[in-house]
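The entries follow in the order I looked things up.

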Amino acid sequence: MKIRVRIIWLLSSTFVVLVLLFSTIVYVLSSNYVFNDFYDRLETRTNTTIRIELDHRGDKEFVKEFKQEYLEKLPYEKSIVIELDDSGKPLLNSRQAKEDSNFIYKVIKHKSAKERSKNLLRFGKMYVTKQGKSYVVYTSAKNMYYTKYKHYLGGLLISMFFSTVFLIIIVSLWLSKRLIKPITDLSSSVHRIGTENLHFRIQNKQEGDELGELIKTMNSMLDRLETSFETQNNFISNASHELNTPLTSIIGQADLMLSKDRSAEEYKIALNHILEEAEKLNKKTKALLFLAQTGFDGKKMTIENLRVDELIFETIETVNRIIPGNKIKFDFSTLPENLYALEIKGNSQLLQLALSNVLLNASKYSENQDVRIYLSHTKETISIHVKDNGIGIPPQDLSHIYDPFFRASNTTSFEGYGIGLPLTRNIMRQHKGKIIVHSEEEKGTLVSLVIPYKS
């Protein structure tokens, strides 16, 4: 069932039930009021009969005239007085009294009573005169007003009910159309999005409500998709180029050697060249594999308790073996007083790899000038900062430093593959941390690895 039909059905059924319930309550309460009002009239006439027949017999004619003048005669109205004997039993003489004997005994038992038989209503009460004689006085009449009122009220409520139902359906249609229109527009906009126009963004006319938040989220998702799609395209293009270059060199060198007989020295030179290119290819392939394995939501990691200072010392030792004579200095003055602040949870090998990438870049691009490592921490995170005084990164290249195989425009004289920073970012993401890079060309670069304690 479509949402629009569901909204119409839900609104209509809810309001129809409410209107029906309200109409029923009005009908029942009005009916009760009509009957109670009629019983009050019968009681008034019963009291008047008592005054005429029992209390003021001398003024009987006056009271009768008063009754006729001020009290409207009810349909089939009859007032009857029944005398009781000394034992309290009614002296039933008239035919009417005998027919109403059950009601008379009911009045005697309860001192007063009222009864309804279809449209015929009775009200009676016990009365004792000053002389001590007991009587049952009751008045009966047909409530013809109720019949007329019932038909009128029923017709009115039914017509109002159907009119209201019709209006509810119209309003439901209008509301459903108004409520569903933004969703319909959103659906139409989403259908327009494809790989050829990932730059398209959904227009947000619903600022401030849940649908507006959904559109914001979808536009944000499209931003990420577009970036990811472009990065993937760049990655495939660069990867194919980076892998193709050494392969072409290896194949070309082998073809050249096989084209005719060569001297042992020439074969040796060619094999060395092929070996160098094969080693480059091997490094690039391993780098690509590592990059894929450390991708976001990548393979499972082994998590262990680590000390950040020990992690730094071990990484510095690794870098010393790769670049002897580097000038990497750990600033001990920034160590926190509380040594518990140095304890984190993470994968030692991956974190060493991330930090070593940063340290190797810092030493390489500063041409072995001073590189400073220092720490800072908050309640939630601890940060490792690596500051160098090297060539820096041009402003136009900063937005691409995490693209695989991308190399800044001022690094052509330095050896590298453009894998280090993307790999480091993936490792930090796996630890729910982040990498922050601040750089100025010809002034140096500051790289911060922010690691949460609850990683």
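Angles under 35 degrees count as roughly parallel, over 145 as roughly antiparallel, 65 to 115 as roughly perpendicular, and the rest as oblique. I am working with a predicted model, where local features need pLDDT of at least 70, side-chain atom pairs count only at pLDDT 80 or more, and totals for chains, interfaces and linings use all residues. Residues are numbered from 1 along each chain as its sequence is written, and side-chain values use heavy atoms, with hydrogens and water left out.

Entry on α8 and α9. I took helices (H or I, at least four residues) and strands (E, at least two) as DSSP runs numbered from the N terminus. Axes are lines fitted to C-alpha atoms, for helices over the stretch in contact, with angles from 0 to 180 degrees between N-to-C directions. The axes of α8 (residues 308-322) and α9 (residues 348-365) come within 9 Å and cross at roughly 55°. The two helices are therefore oblique to each other. I looked up the contact (heavy atoms within 4.5 Å). On the α8 side I found, among others, Leu 311, Ile 312 and Glu 314, and on the α9 side residues including Ser 348, Leu 351 and Gln 352. I sorted residues by class: Ala, Val, Leu, Ile, Met, Phe, Trp, Tyr, Cys and Pro are nonpolar, Asp, Glu, Lys and Arg charged, and the others, Gly among them, polar. This contact has nine nonpolar, five polar and one charged residues.

Entry on α9 and α10. These axes also come within 9 Å, and they cross at roughly 145°. Asn 357 and Asn 361 are among the α9 residues in the contact, and Gly 420 is one of those from α10. The classes are nine nonpolar, five polar and no charged.

Entry on the largest pocket. A pocket is an open set of points on a 1 Å grid over the protein atoms alone, where a 1.4 Å probe fits, with protein on both sides within 12 Å along at least five of seven lines; lining residues have an atom within 4 Å of a point. Which residues lie nearest the centre of the largest pocket? I noted Asn 357, Asn 361, Lys 364, Tyr 417 and Gly 420, out of 41 lining residues. The largest share of the lining, 10 residues, comes from α9. By class, the lining has 21 nonpolar, 14 polar and six charged residues.

Entry on Thr 381. I placed Thr 381 in strand β9. Leaving aside neighbours within four places in sequence, Thr 381 is in contact with Val 450, Ile 451, Pro 452 and Tyr 453.
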